Amino acid sequence: MHPRVDAILREARDQLAASRTSTEIEHLKTQVLGRQGTLTQLLRSLGTLPAAERREVGAAANEAKRALEAMVEERLRETAERERRARRERERPDLTLPGRRPALGALHPLTRVHDEIVAIFLGLGFSLVDGPEIETDYYNFEALNIPRDHPARDMQDTFYLSEDVLLRTHTSPGQVHVMEGMRPPVRIIVPGRVYRRDVADASHSPVFHQVEGLAVDRDISMGDLKGTLELFAREMYGPRSRIRFRPSFFPFTEPSAEVDVLCFLCDGKGCRACGNGWLEILGCGMVHPRVLANVGYDPEDFTGWAFGMGIERVAMLKYGVEDIRLFYDNDLRFLSQFV
Ligand code: DAH
């Protein structure tokens, strides 16, 4: 072999042996076999050699080129494979790392209580009805036998949108809509938002939720009302729960009552929540004959009862929440306790 070719070949071999990465090998390849590479230059300068030398050097250089190309490719293959394996090893996921739990959402406590109340009454054969939150004076007051001078109509209590249009102050107008739209028998509940011009404090909110209940048929009695509410209380507050009726007054019922449930926190012994062992949970009564007449029902033919309860109140008692505003603040520290 020609000494110049030999020198280039040996030098290239040494460098190849010393190369560790495919970048280094590629570099060497360019240096020797590239367009400006040492061996390429030599081949290109063959023409300047004396004819006798030209053949010998040319043959040697071409052979060296083929040999080098083969070696370089072989080393590149090996190295690339090793590098791939190393990278895979480096990037392999660590299956022993503990996973990250996705944050779980949960139903709002008011939604939970709402759903629970609704489920109980659906189970008793009641239907779920929706009523408008924007009402007229007629539906919110007049039809419910609430007279012109009744304190509930006071500007203090009601959000008026115009002289005649207002945000409903209770779900009771739902009764009127339902009865106008159907003949007895009626068994419905109307849950929903209600509005009052109250300043928010621990027990007041300008927006809160009620569930209205109504049953109208022939021969419906106060006994049916008591039986239904007793069943409700047992489902809602547990099988040992008891209720009591206290006489009260509402313009749209006669007679009217307020219902207390035996305090489920202290079992009626008396505690901070109930004071005397009983918790007031709702207002109710026999639908006033004038309300029946207002919707075209003959009060001589049909009787009915109704009730209205506050969802916030039920939820506050159930979960021991002492400030109603917590329900609306969307503070995760509060809400995440109901997951
Ligand atoms: N509407 C009453 C209120 O908001 C609650 C109520 C009491 C509803 C007696 C009734 C009822 O249906 O019979 O305070």
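**The ligand and its shell**

Sorted by class, the shell around the ligand holds five nonpolar, eight polar and two charged residues; here Ala, Val, Leu, Ile, Met, Phe, Trp, Tyr, Cys and Pro count as nonpolar, Asp, Glu, Lys and Arg as charged, and the others, Gly among them, as polar. The model is predicted: local features need pLDDT of at least 70 and side-chain atom pairs pLDDT 80 or more, while totals for chains, interfaces and linings use all residues. Residues are numbered from 1 along each chain as its sequence is written, and side-chain values use heavy atoms, without hydrogens and water.

In total, 15 residues surround the ligand (a heavy atom within 4 Å), and the closest are H170, S172, R196, Q210 and E212. At least two shell residues come from each of β5 (207-217), β8 (278-287) and β9 (303-310), strands being DSSP runs of E with at least two residues, numbered from the N terminus.

Oxygen atoms of the ligand lie 2.9 Å from a side-chain N or O atom of R196 and 3.0 Å from one of Q210. With F307, a backbone N or O atom is placed 3.3 Å from a ligand oxygen. The ligand taken alone exposes 350 Å², of which the protein buries 89% (Shrake-Rupley method, 1.4 Å probe).

**The domains**

The domain assignment, which is automatic or from a database, divides the protein into domain 1 (3-91) and domain 2 (109-338). Their C-alpha centres are 92 Å apart.

Conventions. A polar contact is a pair of N or O atoms within 3.5 Å; within protein, one must be able to donate a hydrogen and the other to accept it, and residues adjacent in sequence count only if both atoms are side-chain atoms. Helices (H or I, at least four residues) and strands (E, at least two) are DSSP runs, numbered from the N terminus.
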